[in-house]
Amino acid sequence: MSTGALATINRVPFGCLVCKGEIFFDRKVKLNTTGAEFMNMGWMNQSATGLVCTRCGYVHLFLNDAIEYWRPESGYPSP
């Protein structure tokens, strides 16, 4: 996603835990471990999805695929 979007986690609207912002962009984040890096196997580390708040820049990390994105002008879906 190149522009900011609303996000839900398991269809529950998500807001920034720091500033309560509602618009995010996503980014893949590599979760490096010392052991894998030491053994030259950093490529095996897991990745997470980072939801970056457009208001304050805080990065929220998620390991699963429960994130859905919604255009701000459309709002969240009806339950």
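Phe14, Phe24 and Phe62 form one aromatic cluster. The model is predicted: local features need pLDDT of at least 70, side-chain atom pairs count only at pLDDT 80 or more, and totals for chains, interfaces and linings use all residues. Residues are numbered from 1 along each chain as its sequence is written, and side-chain values use heavy atoms, with hydrogens and water left out.

A pair of aromatic rings is described by the distance of the centres and the angle of the planes. Rings of Phe, Tyr and Trp (its six-membered ring) pair if their centres lie within 6.5 Å; planes under 30 degrees apart are stacked, over 60 edge-to-face, the rest tilted. The count here is 2 aromatic pairs.

Take Phe14 and Phe24. Their pair is tilted, with 5.4 Å centre to centre and 40° between the planes. Phe14 sits in the loop between strand 2 (12-13) and strand 3 (24-30), and Phe24 in strand 3, 10 residues apart. Strands (E, at least two residues) are DSSP runs, numbered from the N terminus.

Now Phe14 and Phe62. This pair is edge-to-face, at 5.5 Å centre to centre and 85° between the planes. Phe14 lies in the loop between strand 2 and strand 3 and Phe62 in strand 5 (residues 59-62), so the pair ties together parts 48 residues apart in sequence.

Phe14 has 12% relative accessibility. Phe62, at 16%, also counts as buried.

Asn10 is in the loop between strand 1 (6-9) and strand 2. Asn10 is exposed, with a relative accessible area of 57%.

Conventions
Helices (H or I, at least four residues) and strands (E, at least two) are DSSP runs, numbered from the N terminus. Buried means under 20% relative accessible area, exposed over 50%, partly exposed in between (1.4 Å probe, protein chains only).
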